Amino acid sequence: MTKPSEKPVDELVPIFFMGKRYDVPASLTIQKALEYAGYQHIRGCGCRGGVCGACGTVYRIPDSYKLQVGLACQTVVQPGMHLMILPYYPGNRSEFDIEELKGTGGEVAALYPEIFKCIGCNSCTQGCPMDIDVMHYMAQAIRGDIAGVAETSFDCIMCGLCASRCPAEEVQFNVAILARRLHARYGHPRAMHLKERVKEIENGKFEEPLRDLMSKSTEELKELYKSREGEPQFTEEDWTPQDARYV
Amino acid sequence: MPYPESLKKLIEKVEATRAARVERKKNNEEFPALELEERGPILENFHPDFIEGTRRKIKIGPSKGYAISNEMVDLLEAKSRVDPDLINLSEPDYETDVLIIGAGGAGTAAAILAAENGAKVLIATKLRHGDANTMMAEGGIQAADKVGKDSPYYHYLDILGGGHFVNDPELVYTMVQHAPDAIRWLEGLGTSFSKFEDGRMKTMHGGGTCRKRMHYAADITGAEIMKTIRDEARNHTDMIDVIEFCPAVELVLDDAGRCAGAVLYNLETAEYHFVKAKAVIITTGGSGRLHIQNFMTTNHYGATADGIVMAYRAGVPISFLHTVQYHPTGVVFPEQAEGILITEKFRGAGANVLNIKGEQFVYEREPRDVEAACIIRECSPGGRGNGVPTPTGKYGVWLDSPMIEMLKGEGTVKKEFPGKNILFRRFGIDISKEPMLIHPTLHYQNGGLDINSKCETNVPGLYAAGEVSGGVHGENRLMGNSLLDVMVFGRIAGTCAAEYIKDHDQIGKVNLDHVKRYNEEIETAGIEGNRISPMILPDYSNPDVREKQYTKDYFGTLS
């Protein structure tokens with residue numbers, strides 16, 4: 001296993017980071033290529049694994065006018081590409097109290113009335129590095145289909161590239177998380193087993209068995225551990241153990 | 001890049017055994033798990049923790065004499081980044097009730113609870129709010145909430161067995177008893193857990209669990225939780241302020257020995273700021289970016305143990321740092337994705353782990369340390385030598401994701417593992433049809449700062465929660481207990497710190513004397529190397545370029 005900084009041994013290709021040329025190994029991601037070029041990232045670098053949204057990147061390859069997007073940590077360099085990383089976008093966010101809302105589409109529209117300004121140009125979808133159909137979920141938001149927005153936008157990493165491309169100044173990623181939260185909270189029944197279990201714990205149901213475990217010797221614990229009854233991998237949700245003393 | 005011909009040939013061997021393996025799985029015929037007594041010898045022979053020469057005793061500080069990884073000791077046996085006498089403590093740049101250092105899952109949960117309990121909160125964080133290991137946690141979060149089949153009793157036993165029976169009992173008790181309420185809290189905030197239509201939570205197994213208690217949001221559970229609670233924190237801008245790209249580098253104490261704030265370093269202007277606070281919570285997470293023993297890591301860019309360093313200088317002892325968690329399944333091919341986490345949920349859903357012959361050699365739901373050691377044994381030349389070679393000369397084993405399609409129906413991989421599906425698709429690999437090539441990767445800091453069940457350290461007014469703390473997981477954490485750790489103890493830390501400041505609202509004369517003493521101790525102990533810490537950020541820049549950076553002042557003192 002090697003550290004990322006160890007020098008790779010393949011051919012060098014030119015890339016243009018904010019207009020400046022660097023020659024970097026052809027197999028590297030944009031993020032590692034910039035480190036090869038000498039950068040120590042401060043902004044524009046987070047999880048390095050494609051989930052945090054810190055390194056949204058806009059790029060163009062030679063002889064094309066088309067702007068493309070990707071995550072710097074996931075996108076392999078291409079010869080001659082021009083690129084910039086967008087580490088922050090000053091999108092609007094509306095505050096809300098989730099306890100006071102009811103989970104209706106009208107609430108999304110009330111908090112983000114600008115959704116109705118969407119002109120359906122599809123720039124947001126083309127600008128999404130996660131391949132989310134952003135314009136589709138904005139249409140769902142306009143129709144008040146919260147469940148639809150939640151499902152369509154589930155993989156959103158909130159990098160802000162959609163908003164940066166939007167001529168109507170929408171903040172799609174904040175609309176999306178509002179809808180996801182509302183749908184998760186109000187679109188499903190609450191888990192009753194959770195409520196019941198919390199009550200049992202509050203009433204001290206497991207206090208004595210747990211305190212008893214805590215006072216046991218390691219040898220006794222090992223025996224109890226070995227004799228645990230395992231829930232089979234392939235079994236129905238209503239499986240119950242034979243020993244029901246502690247459940 | 002897609003699999004080259006050489007690997008495609010080897011995948012045929014996996015395909016040849018797949019139908020029979022799926023059949024056995026459907027009949028609940030599992031590859032035999034190791035007996036408890038068999039775990040020890042395998043760990044001692046093949047787990048990286050046991051390699052001689054990789055640990056040394058710390059020469060100074062509250063846990064002097066404790067042997068932990070060389071990389072961590074290097075940070076602890078290092079001087080302050082900044083001369084304490086230069087810092088102007090007479091005029092605070094910020095004042096707050098509770099200062100939270102680190103804005104991942106634990107810090108954000110702590111902030112929300114502290115604010116709810118009436119405290120003004122300032123979060124200082126090195127990267128952006130939410131750029132943290134919580135965001136990267138994939139598989140799930142444990143809680144024993146299935147009434148009639150599971151309970152905190154069994155959760156407790158599983159945790160102790162996974163942690164080699166040396167965990168701090170009070171901390172384990174606290175975590176298992178608070179777990180269902182933490183899930184209920186997240187549900188109420190609108191976290192998209194996978195549910196049945198009637199509202200029951202879907203749960204599955206993880207390594208070392210005796211009941212299915214892993215709650216999840218597809219394969220991006222941590223991201224879903226992090227995005228939700230970050231969004232919730234942003235609903236309280238009247239009570240919670242966040243300063244990004246401003247890591248803390250030292251704690252500040254008062255003349256009564258209480259924690260009274262911290263010194264921050266502005267990564268962009270290179271200024272140092274003093275934050276005066278009535279209580280401080282450290283939630284800086286782990287240390288994968290130290291690349292212990294040169295391992296690749298699943299951790300985010302900022303995981304450099306800053307909180308351990310600061311608190312250790314202020315007198316907080318550490319424990320359980322002698323063990324490090326290597327996640328059994330990190331990407332080893334394609335090269336560009338090397339080290340990236342492949343969630344344990346694949347194995348929880350039934351995917352086998354296979355050697356070059358397409359044969360099983362380990363039960364796929366062993367605790368993580370055991371699973372990782374077995375994979376290393378299979379790959380290493382000193383072990384069984386059955387690893388699959390990559391084009392760049394590394395070794396891995398197969399994780400057979402396509403069998404999930406056969407077990408749970410076509411389309412399951414795409415639906416249940418959207419994050420990994422898109423990651424591999426970018427490289428031209430369809431993981432619903434082809435297996436993944438994996439190898440253990442540096443994942444989790446099992447130990448850390450000593451805390452009690454109220455998240456208090458031995459320094460009054462100083463709290464810690466999450467990966468930066470140690471004890472609850474013993475010597476090895478189980479899957480799904482780190483997200484739980486950050487939620488349970490983050491909430492407790494926020495609540496208790498808010499409670500504490502009600503009786504302790506007077507701050508005495510503030511100072512950095514402990515830092516000066518620590519610097520002197522380094523001199524007295526004859527520690528050489530002129531190291532400074534905390535590290536703040538790893539440096540992956542090209543050494544050839546660094547050689548020519550004769551004056552690095554355009555990046556302040558980063559190095």
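First, the conventions. The model is predicted, so local features need pLDDT of at least 70 and side-chain atom pairs count only at pLDDT 80 or more, while totals for chains, interfaces and linings use all residues. Residues are numbered from 1 along each chain as its sequence is written, and chains are lettered from A and ligands numbered from 1 in the order in which they are written.

I start with chain A. Chain A has ten helices and five strands; helices are DSSP runs of H or I with at least four residues, strands are runs of E with at least two, and both are numbered from the N terminus. The C-alpha atoms of chain A fill a box of roughly 70 × 55 × 30 Å along the principal axes.

Of the 247 residues in chain A, 38% are buried. Buried means 20 or more other C-beta atoms within 10 Å of a residue's own, exposed means 12 or fewer, and partly exposed is in between, with C-beta atoms placed from the backbone.

Next, the hairpin in chain A. Strand β1 (residues 12-17) and strand β2 (residues 20-25) of chain A run antiparallel and are joined by six bridges; two strands pair if DSSP finds at least two bridges between them. A:Phe17 has A:Lys20 in β2(A) as its bridge partner. Two residues lie between the strands, and A:Met18 takes a positive phi near 50° there.

Chain A is divided into domain 1 (12-85) and domain 2 (105-186), with bounds from an automatic or database domain assignment. Their C-alpha centres lie 26 Å apart. Each domain of chain A gives seven residues to the contact between them; contact means C-beta atoms, placed from the backbone, within 7 Å. On the domain 1 side, the largest share is three residues from strand β4 (residues 68-71) of chain A.

Now chain B. Chain B has 17 helices and 23 strands. How does its radius of gyration stand against that of a compact globule? With 559 residues the rule gives a value near 24 Å, and chain B has 23 Å, which agrees. Buried residues make up 61% of chain B.

One sheet in chain B is open, with three strands in the order β6-β8-β7 and antiparallel pairing. Its edges are β6 (141-142) and β7 (203-204) of chain B; each has a single partner strand, so one side of each is left without a neighbour in the sheet. Two bridges join β6(B) to strand β8 (residues 214-215) of chain B, and B:Gln142 stands opposite B:Met214.

Terms used: Contact = placed C-beta atoms within 7 Å. Rg over C-alpha atoms; globule rule 2.2 N^0.38 Å.
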